[in-house]
Amino acid sequence: MADEDAEKILVAYPPDRLRGKAVCLAQIEEAMKDGNAPEDLLQTVQAYATDSAGFTRSKVCSVSY
């Protein structure tokens with residue numbers, strides 16, 4: 001079930017910003033192991049996709065701390 005949940009979450013991610021499917025799936029599964037509910041992760045990804053719709057990678061800024 002965790003694999004299916006991770007795939008559903010990954011599919012909701014904006015495809016133009018998706019990098020490294022295997023790494024992304026591993027990070028999603030790790031987040032679920034850390035106690036994040038799959039439904040909450042899916043809602044978060046869907047909100048991100050909606051809020052960033054129309055942006056290209058050149059308009060999305062990454063910040064490292």
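Axes are lines fitted to C-alpha atoms, for helices over the stretch in contact, and angles run from 0 to 180 degrees between N-to-C directions. In these terms α1 and α2 pack at an angle of about 120°, with their axes 9 Å apart, helices being DSSP runs (H or I, at least four residues) numbered from the N terminus. The model is a predicted one, in which local features need pLDDT of at least 70 and side-chain atom pairs count only at pLDDT 80 or more, while totals for chains, interfaces and linings use all residues. Residues are numbered from 1 along each chain as its sequence is written, and side-chain values use heavy atoms, with hydrogens and water left out.

**α1 against α2**
- The angle between the two makes α1 oblique to α2, a word for angles that are not under 35 degrees (roughly parallel), over 145 (roughly antiparallel) or 65 to 115 (roughly perpendicular).
- On the α1 side, Ala2, Asp3, Asp5, Ala6, Glu7, Ile9 and Leu10 meet Lys21, Cys24, Leu25, Ile28, Glu29 and Met32 of α2, contact meaning heavy atoms within 4.5 Å.
- The residues of this contact of α1 with α2 comprise eight nonpolar, no polar and five charged, where Ala, Val, Leu, Ile, Met, Phe, Trp, Tyr, Cys and Pro count as nonpolar, Asp, Glu, Lys and Arg as charged, and the others, Gly among them, as polar.

**α1 against α3**
- Between α1 and α3 the packing angle is about 10°, and their axes are 8 Å apart; α1 and α3 are therefore roughly parallel to each other.
- Their contact is formed by Asp5, Lys8, Ile9 and Ala12 from α1, together with Pro38, Leu41, Leu42, Val45, Gln46 and Ala49 from α3.
- Seven nonpolar, one polar and two charged residues make up the contact of α1 with α3.

**The largest pocket**
- The lining of the largest pocket consists of Ile9, Leu10, Tyr13, Leu18, Cys24, Gln27, Ile28, Leu41, Thr44, Val45 and Tyr48.
- At least two residues of that lining come from each of α1 (2–12), α2 (21–33) and α3 (38–51), and α3 gives the most, with four residues.
- Sorted by class, the lining of the largest pocket holds nine nonpolar, two polar and no charged residues.
- A pocket is, on a 1 Å grid over the protein atoms alone, an open set of points where a 1.4 Å probe fits, with protein on both sides within 12 Å along at least five of seven lines, and lining residues have an atom within 4 Å of a point.
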